[in-house]
Amino acid sequence: MNLILLGPPGAGKGTQAQFLVEERDMIQLSTGDMLREAKASGSEMGKIVAEVMDSGGLVTDEIVIGLIREKLEGDKKGGFIFDGFPRTLAQADALAELLAEKGEKLDAVIEMQVDDETLVKRIVNRAAEAVAAGGTARADDNEESVRIRLMEYYKKTAPLIGYYHAKGNLSSIDGLGTMDEVKGAIAGILG
């Protein structure tokens with residue numbers, strides 16, 4: 001089974017992906033993790049990623065698709081969770097082409113719906129809790145940065161909701177419930 005968890009920053013996609021990894025033996029394909037892993041690997045693709053990242057450039061869609069291609073050629077376990085990808089309509093088209101090329105399909109796209117004000121509070125509180133516990137908060141876990149990230153999500157990623165709805169892949173859930181409630185809603189969709 002292959003699925004996309006879609007939603008704004010702070011909606012809980014990473015948390016829910018981890019539950020799916022643990023309970024369904026799925027593989028989480030997080031774009032950021034894949035880039036860091038590739039950079040450290042020393043592979044041909046890793047050298048390209050390192051060069052771009054070290055120069056401060058943005059990694060192209062072609063590089064990310066190349067990394068995903070490598071992952072799809074490995075052990076598939078219980079399937080893949082695409083986390084942080086696709087973020088644009090062009091990336092969604094590229095992913096569809098890649099999956100077709102590999103004889104794979106996208107089984108579900110789960111949109112985690114969360115109110116903006118609740119998201120801002122959730123992320124700012126998460127940062128405060130991390131600091132109170134003696135840890136550090138992400139540099140962009142403040143209200144101003146969260147609102148900028150939300151605007152980027154609405155400009156670039158939210159159009160995927162209509163895209164996947166038109167393809168018949170989209171299911172929407174309330175992302176404001178407890179972790180277990182959201183986990184249950186996802187399980188209900190996946191069967």
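The crossing of helix 3 and helix 4 is left-handed, meaning that the near helix is turned anticlockwise from the far one by less than a right angle. This is a predicted model, in which local features need pLDDT of at least 70 and side-chain atom pairs count only at pLDDT 80 or more, while totals for chains, interfaces and linings use all residues. Residues are numbered from 1 along each chain as its sequence is written, and side-chain values use heavy atoms, with hydrogens and water left out. Helices (H or I, at least four residues) and strands (E, at least two) are DSSP runs numbered from the N terminus.

**Helix 3 and helix 4**

- The axes of helix 3 (residues 44-54) and helix 4 (residues 61-72) cross at roughly 150° and come within 11 Å; axes are lines fitted to C-alpha atoms over the stretch in contact, with angles from 0 to 180 degrees between N-to-C directions.
- Helix 3 is therefore roughly antiparallel to helix 4 (angles over 145 degrees).
- Met 45, Ile 48, Val 49 and Val 52 of helix 3 meet Ile 63, Gly 66, Leu 67 and Glu 70 of helix 4, where contact means heavy atoms within 4.5 Å.
- Six of these contact residues are nonpolar, one is polar and one is charged (Ala, Val, Leu, Ile, Met, Phe, Trp, Tyr, Cys and Pro count as nonpolar, Asp, Glu, Lys and Arg as charged, and the others, Gly among them, as polar).

**Nonpolar cores**

- A nonpolar core is a set of buried Ala, Val, Leu, Ile, Met, Phe, Trp, Tyr and Cys residues joined through side-chain atoms within 4.5 Å; buried means under 20% relative accessible area, exposed over 50%, and partly exposed in between (1.4 Å probe, protein chains only).
- The largest such core has 31 residues, of which Ile 4, Leu 67, Ile 68, Phe 82 and Tyr 164 touch the most other members.
- Helix 4 gives this core its largest share, six residues.
- Beyond its neighbours within four places in sequence, Ile 68 contacts Leu 29, Met 34, Phe 82, Phe 85, Leu 95 and Leu 98.
- A second, separate core of 20 residues includes Leu 20, Met 26, Met 112 and Val 182.

**Loop residues**

- Pro 86, in the loop between strand 3 and helix 5, counts as buried because its relative accessibility is 5%.
- Not counting residues up to four places away in sequence, Pro 86 touches Ile 4, Gln 91, Ala 92, Leu 95, Thr 157, Leu 160 and Tyr 164.
- Asp 25, in the loop between helix 1 (13-24) and strand 2, has a positive phi near 55° and counts as partly exposed at 41% relative accessibility.
- Lys 77, in the loop between helix 4 and strand 3, has a positive phi of about 45° although it is not a glycine, and at 52% relative accessibility Lys 77 counts as exposed.

Conventions
Parallel < 35°, antiparallel > 145°, perpendicular 65-115°, else oblique.
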